[in-house]
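Hi everyone, thanks for coming. Let me walk you through a structure that may be new to you, and do look along as I talk.

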Number of protein chains: 2
Amino acid sequence: MLDVARAAGVSRATVSRVFTAPSSVAEETRTKVMDAVAQLNYVLNSAARSLRSGRSNTIALLVGDIAQPFHSQLAKAVAHAAEGRGYSVLLCDLDHSITRLERLLESLPLQGVDGVILATGDDIDTDAVRAAIREAEERDTKVLLGTPQLAGIATLVMTTDYESVAYQATKHLLDQERWPVALLGGGASSVLSPLLKQGYLRACSEAGRSEADAILAVTEYSTDAARAATQGLLSGPVRPEGIVASSVSVALGAMSALADAGLGTPGQIGLVACEEVLLAEQLRPRLTTVGTKLDLQGAAMADALIDAIQGNSAESRDWVPQLNLRESSAR
Amino acid sequence: MLDVARAAGVSRATVSRVFTAPSSVAEETRTKVMDAVAQLNYVLNSAARSLRSGRSNTIALLVGDIAQPFHSQLAKAVAHAAEGRGYSVLLCDLDHSITRLERLLESLPLQGVDGVILATGDDIDTDAVRAAIREAEERDTKVLLGTPQLAGIATLVMTTDYESVAYQATKHLLDQERWPVALLGGGASSVLSPLLKQGYLRACSEAGRSEADAILAVTEYSTDAARAATQGLLSGPVRPEGIVASSVSVALGAMSALADAGLGTPGQIGLVACEEVLLAEQLRPRLTTVGTKLDLQGAAMADALIDAIQGNSAESRDWVPQLNLRESSAR
DNA sequence: CTGTTAGCGCTTTCAC
DNA sequence: GTGAAAGCGCTAACAG
């Protein structure tokens, strides 16, 4: 830095200012410095910068499972938005482990990340997590929650309205005169389950169907479990004409079971998944979904978090999902 | 740190040594320090540490497209292995842009990452990339290449033998007495294409099929393009009895076209994909693949890179893929 | 608008 | 086996 300063005939402080507060430096001086920087191929040392300023220009992205399309698409959007604003993204895969989450939430702020995005559908409401989030915020590490849980506790929340997701999915099938319609998924590990159930039941009752006739096929969020559950449904006393799958994995299980039962062709049993991912377009039949645009939502998450970090006002937001009509629910 | 030192009745230097070279500190002193650390809830400041030591305990993972299952599964494995060794992972999505790659390769080493894993199948052989890798190595930032390209240039290379992938996939179909067998995919943007083609042709010629009878259905690596290409194949003069799809996306396109043509049921046209991902198990028909175990390969990548960073001997390796027999190629 | 100054918290010789 | 001392490269008051 001293070399640059000398080459430009200024002090190191001025060189620093050119990077941190360009507007506070005279136009002319700035160009001189920039020239010297270019000439000497100078780059700021980020470690020194972090040490001195207390900011690392790094955010951590914590996801339930990066191998899931939903999370990897979200990660992509977050990474691009962050890069655009000069931030690096630390990838932390929780692998559905709450212990790991607690550990990360405790260590990351001390590690020096400026912010954390927490995106998972898993149940994470423990004392340790609450305490860690509170501590993080006290240490001036901003936390953005991408889950309906713990909403009050973090400065920023950016969730999807999952009640509406299931409502729209169910209503769509009911509007096609399908009945019964089953809700598939909703294992206890996910905090989305009760929300999806609410939306499902609301659509049912609005359509004049009693709760007693509703079919809640509770199953874990794995494809295998969902396939088995669907098989049970198909061979049960009342075969559903529509299925609302709580995730894409679950929908894949349902599709398998339908295909095995010779019901794979669109038009017979309607299927809607409660997540919008690229894969939906690549399957056959193409999968109807209800969900938000992940690229927009991910970018908004990064932007909001970085705004908060930089002291700009940032707004929490509840995202309204949309129906993406495709073949799997064609009439 | 001073607090800890005082509480333990030692100097700051000793506290530091407890973290950096525990074996150089007397057993007794070490426990005293550890106790003080626990008591005071002390954590090393990573920025200061990086500044002073010149190491950041951070590696960057550059992937062609994190939204692709192949890359997100790899990322998961890398993240876990790195975490286990005390390293953080910076996620960089190239989004298939070589400009972005060049920029990252130039900036990351200066940013202070200790190592870089570059995993993409795209063609990245430009002067700028070669220069950037060389410079990175000169700056003591280790580079691990997860691509068959530029092999000589980086200290570490960890590739999959894609010639063998296509060879095995093709041979598997030929062994089932299927003919003709088409190779689907292989657009010019991917450096894997020529390797896959080689393996495919080798299997054909070993089975006594002449190159003239081979079917190379060149298409981009997108599902839509692959579907169209498969449709062309099915309505062409010689309908193939087997298809080797160069990626899962391509295989999805082929599956769509087969389903549309009423050939979706296993047993009619055999399909094998040249990547092993979790999704293969979730589809119906389940997709036969040839590929390596991504969790092992990703972990090995992280381990090798970190070994190299830490000055331990690290070995490059060419991974031998395996056939994962599933329904899509059932007889 | 620019320079001076005083560290940020840690590691690492070098003595002892 | 441990301590003293000297910075790593940068930023942020504070003057001017």
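This is a predicted model: local features need pLDDT of at least 70, side-chain atom pairs count only at pLDDT 80 or more; totals for chains, interfaces and linings use all residues.

Let's start at the DNA. A polar side-chain atom of A:Arg12 sits 2.9 Å from a base nitrogen of DNA strand D, a polar contact (a pair of N or O atoms within 3.5 Å; within protein, one must be able to donate a hydrogen and the other to accept it, and residues adjacent in sequence count only if both atoms are side-chain atoms). A:Tyr42 has a polar side-chain atom 2.4 Å from a phosphate oxygen of DNA strand D.

Residues are numbered from 1 along each chain as its sequence is written, chains are lettered from A and ligands numbered from 1 in the order in which they are written, and side-chain values use heavy atoms, with hydrogens and water left out.

Back to the DNA. How many residues are around DNA strand D? There are 26, and among those that come nearest are A:Ser16, A:Arg52 and B:Thr29; being near means having a heavy atom within 4 Å. By class, this surface has 11 nonpolar, 8 polar and 7 charged residues. H2(A) gives the most to it, with 5 residues; helices here are DSSP runs of H or I with at least four residues, and strands are runs of E with at least two, numbered from the N terminus.

Now for the salt bridges, where a side-chain nitrogen of Lys or Arg lies within 4 Å of a carboxyl oxygen of Asp or Glu. The whole structure has 44 of them over all chains. One joins A:Glu83 and B:Arg100, at 3.3 Å from N to O. This pair crosses between chains, from helix H5 (residues 69–84) of chain A to helix H6 (residues 98–111) of chain B.

Are these two partners buried or exposed? B:Arg100 counts as buried, at 17% relative accessibility, and A:Glu83 is partly exposed, at 28%. The cut-offs are under 20% relative accessible area for buried and over 50% for exposed, with partly exposed in between (1.4 Å probe, protein chains only).

Finally, within chain B, B:Asp125 and B:Arg130 meet in a salt bridge of 2.6 Å. B:Asp125 is partly exposed at 38%, and B:Arg130 is partly exposed at 31%.

Technical notes
Ala, Val, Leu, Ile, Met, Phe, Trp, Tyr, Cys and Pro count as nonpolar, Asp, Glu, Lys and Arg as charged, and the others, Gly among them, as polar.
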